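Dear colleague,

I am handing over a structure that you have not worked with before, and I would be glad if you could look through it alongside the notes that follow.

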Amino acid sequence: RWIHNPEQLSAGDVCLLLSCGRLLSADQLALHRHNLVVHESDLPQGQGWSPMTWQILEGASCIPITLFEATAELDAGPIYLQQQIQLRGPELVEEWRAMQAKATLELCLAWLDRYQEIVAAARPQSGEPTHYHRRRPADSQLDPERSLVEQFNLLRVVDNQDYPAFFNWRGRSFQIHIVRKNGDNS
């Protein structure tokens, strides 16, 4: 089943929590033998919201993707699998989201294909956790006094529809949409 509201969960063996913006209750987690989450960070580093976006803003070009078991605590369960996404630098949001989706699918299918082996090799998270906060529309604000090159990573992560880039100048607010030029496949 494909659902968008955790209240609609019913019992089963495996629940894939993909792009889930809510923590499940202990009762909801108990409905499944396994509750799997794919998270774009090297957990416990980068727990929280929009980790791939924040890492791109930080200038990262190698983004770890982690498949782990959900627990009642945010992004804290044992790790099953990890892989890396390698970014070249010009990828805009649609492009790196497609890479993210491909990696997510690969991890989920690998877990299902080698279930017993992977569950047996699960490892607890280790190290000091760091957290990313939830992105807000205000996080897409450009500084008109800085160059576009200096702010290109911000332009790479804005969502033209939901969180468009904008700047304020002379008492007015202006919105900028970024798209790759037709024919530019590099």
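**Aromatic rings and a hairpin**

F174 is partly exposed, with a relative accessible area of 33%. Please keep in mind while reading that this is a predicted model.

F174 forms an aromatic pair with F167, and the two rings are stacked, with 5.3 Å from centre to centre and 25° between the planes. As for the strands in this part of the chain, β7 (residues 165-169) pairs with β8 in the antiparallel sense over 5 bridges, and W169 stands opposite R172 in β8. The two strands form a hairpin with 2 residues between them, and R170 in the turn has a positive phi of about 50°. Strand β8 (residues 172-176) lies largely in the open, because the number of buried residues among its 5 is 0, where buried means under 20% relative accessible area.

The count of aromatic pairs comes to 4. One of them joins W111 and Y115, whose ring centres are 5.0 Å apart and whose planes stand at 70°, so this pair is edge-to-face, a term that applies to angles over 60 degrees. W111 is buried, at a relative accessible area of 1%, whereas Y115 counts as partly exposed at 27% relative accessibility. Ring pairs also link Y80, W111 and Y115 into a cluster.

Two arginines are placed over tryptophan rings: the charged end of R134 sits over the ring of W49, 4.0 Å from its centre, and R135 lies over the face of W54, at 5.1 Å from the ring centre.

With kind regards

Note on methods: Residues are numbered from 1 along each chain as its sequence is written. This is a predicted model: local features need pLDDT of at least 70, side-chain atom pairs count only at pLDDT 80 or more; totals for chains, interfaces and linings use all residues. Side-chain values use heavy atoms; hydrogens and water are left out. Buried means under 20% relative accessible area, exposed over 50%, partly exposed in between (1.4 Å probe, protein chains only). Helices (H or I, at least four residues) and strands (E, at least two) are DSSP runs, numbered from the N terminus. Two strands pair if DSSP finds at least two bridges between them. Rings of Phe, Tyr and Trp (its six-membered ring) pair if their centres lie within 6.5 Å; planes under 30 degrees apart count as stacked, over 60 as edge-to-face and the rest as tilted. A charge sits over a ring if NZ of Lys or CZ of Arg is within 6 Å of the ring centre and within 35 degrees of the ring normal.
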